[in-house]
Amino acid sequence: QVQLVESGGGLVQPGGSLRLSCAASTNIFSINTMGWYRQAPGKERELVAAITSTGSTNYADSVSGRFTISRDNAKNTVYLQMNSLKPEDTAVYYCHAVTGWGRFESHYWGQGTQVTVSS
């Protein structure tokens, strides 16, 4: 079992920045991929950014160039640096982790943290 605890959400003005943190309860070397998803009211949950155990990253087109995902293996923590925030970035952001492979693959979710971009 992997527990994920997010922090860093809040209210920010358009053009502002926030950094989200996701602390894992286990050594993240054992986690294949960690990522951030978001879900806005009335919309489906969508992938924002992900990072593999080797450091490869991918981003949604809507955040590419503005958001940066990174991981600190020593702290078992993944970060999402969000710059140039827009009102459409408003959502609940969830940390996600994948362990194992094939039929042994497991998915874990954090409880979510609210990000609101508004003037």
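## A buried arginine

Arg 38 is buried, at a relative accessible area of 6% (buried is under 20%, exposed over 50% and partly exposed in between, with a 1.4 Å probe and protein chains only). This is a predicted model, where local features need pLDDT of at least 70 and side-chain atom pairs pLDDT 80 or more, while totals for chains, interfaces and linings use all residues. Residues count from 1 along each chain as its sequence is written, and side-chain values use heavy atoms, leaving out hydrogens and water.

## The salt-bridge network

The structure has three salt bridges (a side-chain nitrogen of Lys or Arg within 4 Å of a carboxyl oxygen of Asp or Glu). Arg 38 pairs with Glu 46, with 2.7 Å between the closest N and O atoms; Glu 46 is partly exposed at 36%.

Arg 38 also meets Asp 89, at 2.9 Å from N to O. That pair links strand β4 (residues 33-39) to the loop between β8 and β9 (91-99), 51 residues apart (strands are DSSP E runs of at least two residues, numbered from the N terminus). Asp 89 is buried at 1%, and a salt bridge joins Asp 89 to Arg 66 at 2.8 Å. Shared partners put Arg 38, Glu 46, Arg 66 and Asp 89 into one network.

## The open sheet

Four strands line up antiparallel as β1-β3-β8-β7 in an open sheet (pairing takes at least two DSSP bridges). β1 (4-7) and β7 (67-72) are the edges, each with a single partner strand, so one side of each lacks a neighbour in the sheet.

Six bridges hold β7 antiparallel to β8 (residues 77-82), and Thr 68 sits opposite Gln 81 in β8.
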